[in-house]
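Hi,

Here is the structure I promised to hand over.

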Amino acid sequence: MEENRSLKNQTEKLDDLQKVSRLSSPRRMKTMRMKSGLSLREVEEETELSRSHISKIENGKIKNPSWNTIFKLILFYENEKHYRLSGICERLRLQRSAENA
C-alpha cells in the first residue's frame, strides 16, 4: 500500500515537471501572457517580477531563469482567471473596466 502511494506521488511529480518543462519555453511564456490579455506592467504588479526581467525571459535573453521565477509566472498565467474571481487581481479588473468605459 505504501509503495503504491509513493509511486503515485512520484508519478504526479513527474507529470508536474513535464508540464512545467512544456510551459517554460520563452515563446510559450509570452503566449500565455498575451492569451490572458495582460501587459508586462500588469504581470509585474501581480508577480513582483520586473517588466524587464519578464520581457528578457519571454524573448529568450535569459537562458536559465530560476525555477522560482518560472513557477511564479506559470502559476500566475495558468490561474489568472481564478485570481480574478478570487479578488487577487481585482485592481486590474477595475482598471480595465475604467479604461474601457
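**What I found**

M32 counts as buried, because its relative accessibility is 6% (buried is under 20% relative accessible area, exposed over 50%, partly exposed in between, with a 1.4 Å probe and protein chains only). Keep in mind that this is a predicted model, where local features need pLDDT of at least 70, side-chain atom pairs count only at pLDDT 80 or more, and totals for chains, interfaces and linings use all residues. Residues are numbered from 1 along each chain as its sequence is written, and side-chain values use heavy atoms, with hydrogens and water left out.

Back to M32: you'll find this residue in helix α2. M32 and Y77 sit 45 residues apart in sequence, yet their C-alpha atoms are 6.0 Å apart in space.

For the overall picture, the chain has six helices and zero strands (DSSP runs, numbered from the N terminus: H or I of at least four residues for helices, E of at least two for strands). The order along the sequence is α-α-α-α-α-α. The chain has 101 residues, and 28% of them count as buried. If you take contacts (heavy atoms within 4.5 Å) between residues at least 6 apart in sequence, 60% join residues at least 24 apart.

Now for S36, in the loop between α2 (26-35) and α3. S36 is buried, because its relative accessible area is 17%.

The axes of α3 (residues 40-47) and α4 come within 9 Å and cross at roughly 115° (axes are lines fitted to C-alpha atoms, for helices over the stretch in contact, with angles running from 0 to 180 degrees between N-to-C directions). On the α3 side the contact involves L40, R41, V43, E44 and T47, which meet R51, I54, S55 and E58 in α4. By class, that makes three nonpolar, two polar and four charged residues (Ala, Val, Leu, Ile, Met, Phe, Trp, Tyr, Cys and Pro are nonpolar, Asp, Glu, Lys and Arg charged, and the others, Gly among them, polar).

Two residues from that contact deserve a line each. T47, in helix α3, is buried because its relative accessible area is 4%. Not counting residues up to four places away in sequence, T47 touches I54, K72, L73 and F76.

E58 lies in helix α4 (residues 51-58) and counts as buried, because its relative accessibility is 7%. What does the side chain of E58 join in a polar contact? The partner is the side chain of R33, at 2.6 Å (a pair of N or O atoms within 3.5 Å; within protein, one must be able to donate a hydrogen and the other to accept it, and residues adjacent in sequence count only if both atoms are side-chain atoms). Beyond its neighbours within four places in sequence, E58 is in contact with P26, R27, M29, K30, R33, L40 and Y77.

Finally, the aromatics: the structure holds two aromatic pairs (Phe, Tyr and Trp rings, the six-membered one for Trp, with centres within 6.5 Å; planes under 30 degrees apart are stacked, over 60 edge-to-face, the rest tilted). One of them is F76 with Y77, a tilted pair at 6.0 Å centre to centre and 55° between the planes. Both F76 and Y77 are buried.

Cheers
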